[in-house]
Amino acid sequence: MIIKPKIRGFICTTAHPLGCAKQVQRQIQYAREQKTVQGPKKVLVIGSSTGYGLASRIVATFAAKADTLGVFFEKPATDKRTATAGWYNTAAFEQAAKVAGRVALNINGDAFSTAIKEQAIDLIRKQFGTVDLVVYSLASPRRTHPLTGESLFSVIKPIGKPFTSKTIDINTGKLSQVTLEPANDDEIRQTIGVMGGEDWELWIRALSEAGVLANNAITVAYSYIGPEITFPMYREGTIGKAKDHLEATADRLNASLQNIGGRAFVSINKAVVTQSSSAIPVVPLYISILYKVMHEKGLYEGCVEQMYRLFADRLYAKDTESVDEKGRIRIDDKEMRPDVQSEVLHAWNSINQENLTALANLDEYRQEFLGLFGFDIDEIDYNEEVNPEVQMTL
Ligand code: NAD
């Protein structure tokens, strides 16, 4: 099959196996080149196939030399379709992990369900005994509630009043205004149900009751704050309410893990291009400007750089007390530096169609977006036939 990108709005419906493998190898190479992290040895990553979860798994395996179990929801190839990028990523990861002598177990299924939690517990018990780190990195537009069966949908909307902002169509490069109508109470409830902390708590409770959490185990979930220009839509909107819930869940989990000396953290990560972040209006324009400013200051970081810093300088550093006033780990520190934010804001206020390329790295954003699906990578010849069927151990 000759595989080219097919872009529909903010997603790409095809993925290239060799391109995805290259992207995974690049992250592995980065993790390998860093100082070894004296960290976890048996790790469960929930949401391990793309974005921050994949990078966490790579850092755990190649910088901390841990064995991992990854849980994700991806599709294999069919006669007519390529597999999803997360499928190809995981297959490439598994291959490299095995060569390095590390165990890499996979579960492909709905992490929100009770059945997948039970399957994971079973595998951990048989293969690892216990896990000493649980990374929770799910991002999903929907969740079937495991107890009520209700289908919950998450929306990205402001609360209380409409929000109008600049935005960009990444495909055409056209700037425009977008107005998001406020969410109603039920949309807020459902968004908290999908992206809040309930499922994280169910996972930790199930693992703990099954006795498969090691003494002193750590669990970490990911959150975002970002700049004031996105507050009405993100941090003070529906997703922000879900993140408030996730952060409050960390406090509850911390209390409940005390009996095993365990700890629960929320890490506030920086904005990066992932399948999830590209679906959020306004954010791609913000990231394009942010990238330009951070590159100019030599501060650029993608997922793997962020996750290495999380492991090496925060979770497994001697001084793990470096948290903010709400107890959150901040690896968005470089994004939120006052000099970075003031330059981003200045560009944001003055950006228009004419000065777009001077003020924002749109090409880099596009390249990273295509890269998520294994496209636009120098070493790959996209006119060559490639077998879309790639195996992994499930
Ligand atoms: P992503 O879309 O790249 O990854 C999501 C992962 O969740 C994938 O592995 C996917 O397979 C898995 N998944 C989704 N639904 C699932 C299901 N039902 N069962 C099993 N697996 C499922 O997302 P991301 O951007 O890496 O986001 C991960 C976390 O990081 C989220 O909490 C997000 O809010 C947070 N975060 C993201 C950014 C950013 O800029 N992207 C910034 C800060 C924090």
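A disulfide is a pair of cysteine sulfur atoms within 2.5 Å. Keep that cut-off in mind for the opening stop. The model on screen is a predicted one.

**Cysteines**

Select Cys 12 and Cys 20. The closest cysteine sulfur to that of Cys 12 is the one in Cys 20, and at 9.3 Å this is too far for a bond. Cys 12 is buried, with 7% relative accessible area. The structure as a whole holds 0 disulfides.

**The parallel sheet**

Now show the strands as a cartoon and colour E5, E4, E3, E6, E11, E12 and E13. These 7 strands, in that order, form an open sheet with parallel pairing. Strand E5 (104–108) and strand E13 (329–330) stand at its edges; each has a single partner strand, so one side of each has no neighbour in the sheet.

Zoom in on strand E3 (residues 42–46) and strand E6 (residues 131–136), which are paired in parallel through 4 bridges. Within this pairing, Val 45 stands opposite Val 135 of E6. As you look along the strands, recall that side chains in a regular strand alternate between the two faces of the sheet.

Stay with the sheet and select Asn 216, which belongs to strand E11 (residues 213–223). Asn 216 has a positive phi, near 65°, although it is not a glycine. Asn 216 is exposed, with a relative accessible area of 53%.

Which loop holds Val 282? Select Val 282 and you will find it between strand E12 (263–268) and H8. Val 282 is another non-glycine residue with a positive phi, here near 75°. Is Val 282 buried or exposed? Val 282 is buried, with 1% relative accessible area.

**The largest core**

Move on to helix H8. The largest nonpolar core has 97 residues, and the members touching the most others are Ile 58, Tyr 286 and Ile 289. Helix H8 (residues 283–296) gives the most to this core, 9 residues. A separate core of 34 residues lies apart from it, and includes Val 71, Leu 105, Ile 121 and Ala 217.

Centre the view on Ile 289 and display its surroundings. Beyond its neighbours within four places in sequence, Ile 289 is in contact with Val 344, Ala 347, Trp 348, Ile 351, Leu 359 and Ala 360.

**Helix H12 and its cover**

Select helix H12 (residues 362–371). Its buried residues are Leu 362, Glu 364, Tyr 365, Phe 369, Leu 370 and Gly 371. What covers these residues? The cover includes strand E1 (7–8), strand E2 (11–12), helix H1 (17–33), E9, H8 and helix H11 (356–359).

**The E9–E10 hairpin**

Strand E9 (residues 163–169) and strand E10 (residues 174–180) run antiparallel and are joined by 7 bridges. Pick Asp 169 and look across: its bridge partner in E10 is Lys 174. The hairpin has 4 residues between the strands, and Gly 173 there has a positive phi near 75°.

**A buried glutamine**

Select Gln 190, in helix H5 (residues 185–195). Gln 190 is buried, at 14% relative accessible area. Leaving out residues up to four places away in sequence, Gln 190 touches Glu 150, Ser 151, Leu 152 and Phe 153.

**Rings**

Finish with the aromatic side chains. There are 8 aromatic pairs in the count. One of them is Phe 62 with Phe 93, an edge-to-face pair with centres 6.1 Å apart and 90° between the planes. Phe 62 is in helix H2 (residues 51–62) and Phe 93 in helix H3 (residues 85–99), so the pair ties together parts 31 residues apart in sequence. Phe 62 and Phe 93 are both buried.

The charged end of Lys 270 sits over the Tyr 300 ring, 5.7 Å from the ring centre.

Definitions and conventions:
Residues numbered from 1 in each chain as written. Predicted model: local features only at pLDDT ≥ 70, side-chain atom pairs only at ≥ 80, totals over all residues. Heavy atoms only, no water. Phe/Tyr/Trp six-rings, centres within 6.5 Å; stacked < 30°, edge-to-face > 60°. Helix = DSSP H or I, 4+ residues; strand = E, 2+ residues; numbered from the N terminus. Buried < 20%, exposed > 50% of the residue type's maximum accessible area, 1.4 Å probe, protein only. Lys NZ or Arg CZ within 6 Å of the ring centre and 35° of its normal. Pairing = 2+ DSSP bridges. Core = buried A, V, L, I, M, F, W, Y, C linked by side-chain atoms within 4.5 Å. Contact = heavy atoms within 4.5 Å.
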